[in-house]
Amino acid sequence: LAGKNHYHLFDAEQDRSVRGRHESLARIRQGLADGEFTLRFQPKVHLRNGVVVGAEALIRWQHPERGLLLPALFLPLIEAHPLDAELGEWVIDQVLGQIGRWRAIGLDLPVSVNVSAYHLQRPDFVERLRTLLARHPEVPADRLVLEVLESSALVDLAQAARVLDTCREIGVSFALDDFGTGYSSLTYLKRLAVAQIKIDQSFVRDMLDDPEDLAILEGILGLASAFRRLVVAEGVETVEHGIMLLQLGCEIAQGYGIARPMPAADLPAWSADWRPDPIWSATATLAHS
Ligand code: C2E
Ligand code: MG
Ligand code: MG
Ligand code: MG
């Protein structure tokens, strides 16, 4: 994939990359029409008491020739293109339907959807979100959580803040994804009505060996507590990660050490069976204040 900042020395090369993009867009549009996109769901859990507090929807492309493709392989191809918003709406629609089906069998969970900066900044975002919610009257709006990157608010913080406020009036809440990797400005936290802060997995991965990452993590937890936001740790891969997070006062987590993203059909049984590691249940959580 050619990076945005590549210089195109020859027109022929430029032409090829433009045509390449056209072809990719057409192929993705076709895949969407043919039902090749699918979702996986990764649970968010309370590390100590074992409650499954939600799930995150993650898109996959079941490509007929190339197999199951991760989003890093196809999302960059539609970045800032109307197809990006189209795919985003498809995901929200699918997730609302899935929440409804789970509720019908007794699994009532908030489910989060990743929303791209481009999609969030569309002038009709809120109106179209209302339309999607209206298509699923059986699903209370507060079961939908939208995960956005800090960078989504970079272009126009005031506008982003308005969108979040309006969504909150409808009942939809937000999470700031990959927190700590962007500007992590205190102003964002003050202005953006996000209920959750998701600590980027890089800090969790490195906190056991790197005192600076640990310090960043502690700083984020202190901030989140001062701003009364829920913190979710991403990338919890080992029992040790969980122990350390609990000792730091972070109780909600997501990661391969708890569960890999799974097909929707597997989540009800997984939720019924999951128990935290006994050492997590026994680890006392320090109160942050
Ligand atoms: P994200 O929202 O930060 O999602 C977390 C990513 O980390 C997921 O990768 C997940 O599978 C992976 N992950 C979870 N636990 C662990 C762990 O313990 N260790 C490691 N190494 N990785 C873990 P995935 O599914 O490949 O998604 C990558 C990114 O693509 C997401 O990052 C999100 O930014 C984007 N994305 C995924 N689905 C969608 C979607 O439906 N719409 C949009 N706009 N973006 C999406
Ligand atoms: Mg996310
Ligand atoms: Mg993330
Ligand atoms: Mg990420």
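The questions and answers below concern a predicted model.

Q: Why is the pair of F37 and W61 called stacked?
A: The ring centres of F37 and W61 lie 5.0 Å apart and their planes meet at 25 degrees. Centres within 6.5 Å make a pair and planes under 30 degrees apart count as stacked, so F37 and W61 are a stacked pair. The pair links distant parts of the chain, with F37 in strand β1 (residues 37-46) and W61 in strand β2 (residues 52-63), 24 residues apart.

Q: What makes the aromatic pair of F37 and F74 edge-to-face?
A: The angle between the planes of F37 and F74 is 65 degrees, at 5.4 Å centre to centre. An angle over 60 degrees counts as edge-to-face, and the pair of F37 and F74 is therefore given that name. F37, W61 and F74 form one aromatic cluster.

Q: Why does F74 count as buried?
A: The relative accessible area of F74 is 1%. Buried means under 20%, so F74 is buried.

Q: How do you know that D177 is buried?
A: D177 has 8% relative accessibility. The limit is under 20%, and D177 therefore counts as buried.

Note on methods: Residues numbered from 1 in each chain as written. Chains lettered and ligands numbered in written order. Predicted model: local features only at pLDDT ≥ 70, side-chain atom pairs only at ≥ 80, totals over all residues. Heavy atoms only, no water. Buried < 20%, exposed > 50% of the residue type's maximum accessible area, 1.4 Å probe, protein only. Phe/Tyr/Trp six-rings, centres within 6.5 Å; stacked < 30°, edge-to-face > 60°. Helix = DSSP H or I, 4+ residues; strand = E, 2+ residues; numbered from the N terminus.
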